[in-house]
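Biologist: Could you take me through one part of this model in detail, namely how its side chains pack and where space is left between them? Please give the cut-offs behind each term as you go.

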Amino acid sequence: MLLCVDSVDHIKEMKLTADKTLGKVVREIREARKMKDTLAGLKKLRAIRSDAAENRGQLFPSSVGEHFNSKTDDLMELLTEQIVACEKEEAALKTEQAEAREKEENAKRQRQKEEEEQGLQEDLTSLFGQEVMYYNNSSMVPFEQFYQQACLNLHSLLAIRQTWDSFLVPEGTPGSSQVPDGWVEPEPPSSTTWATALKTS
């Protein structure tokens, strides 16, 4: 159980780290796209102002415009590469998150299964007591084999069930009764001799 809890804690820690990293990557993508939009708007604004200056008769060397366009194009290309790289990282982180969630759910199901099995074992122990293992030379082995035969052999199970079914009668038959819905408490020992055979815990 401790290993399972440690595993869940480790998965949660990894998920938290992945969430923080993913948030950072998403912000970088958003900022890069915003910067690209700003550069695109800046290029449009410069083109408008350049046209207005030409209409007023103000001329600028062509090298100035070429230098500006070259620098902005380089920045746009750099931002595009950054966005592509961040999007790949985002996809990888989302895949990692999905795997972490799946591992967390598997660990949770495993923990629930172990708890259910432990609870069932405790219920069986409270009803029937601790399981007793007998040595092969014990005088109790034949009795143990007799009472456990339905659990070990299909033919024995069918034979016992057939014997039970032979006692079935239609509903309403005088003297008959139905199988109890709940647990039937055993009767107290009928004598002190029988009482000595009971195991006390």
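**Packing and open space**

Modeller: Ser-156 counts as buried because its relative accessibility is 17%, where buried means under 20% relative accessible area, exposed means over 50% and partly exposed lies in between, with a 1.4 Å probe and protein chains only. This is a predicted model, in which local features need pLDDT of at least 70 and side-chain atom pairs count only at pLDDT 80 or more, while totals for chains, interfaces and linings use all residues. Residues are numbered from 1 along each chain as its sequence is written, and side-chain values use heavy atoms, with hydrogens and water left out.

Ser-156 belongs to helix α4, residues 154-165; helices (H or I, at least four residues) and strands (E, at least two) are DSSP runs numbered from the N terminus. If residues up to four places away in sequence are not counted, Ser-156 touches Gln-149 and Ala-150, contact meaning heavy atoms within 4.5 Å.

The largest nonpolar core has nine residues, including Leu-22, Ile-29, Leu-39 and Leu-79; such a core is a set of buried Ala, Val, Leu, Ile, Met, Phe, Trp, Tyr and Cys residues joined through side-chain atoms within 4.5 Å. Two or more residues of this core come from each of α1 (2-55) and α2 (62-128), and α1 gives the largest share, five residues. Leu-39, one of the core residues, is in contact with Thr-72, Leu-75, Met-76 and Leu-79 once neighbours within four places in sequence are left aside.

The second largest pocket holds about 360 Å³ of space. For this search, a pocket is an open set of points on a 1 Å grid over the protein atoms alone, where a 1.4 Å probe fits and protein lies on both sides within 12 Å along at least five of seven lines; lining residues have an atom within 4 Å of a point. Grid points are joined across faces, edges and corners, and the volume is the space filled by probe spheres set on the points. Its lining has 19 residues, of which Arg-46, Ser-50, Phe-60, Val-64 and Gly-65 lie nearest the centre. The elements that give two or more residues to this lining are α1 and α2, with the largest share, eight residues, coming from α1. The charged end of Arg-46 also sits over the ring of Phe-68, 4.9 Å from its centre, a term that requires NZ of Lys or CZ of Arg within 6 Å of the ring centre and within 35 degrees of the ring normal.
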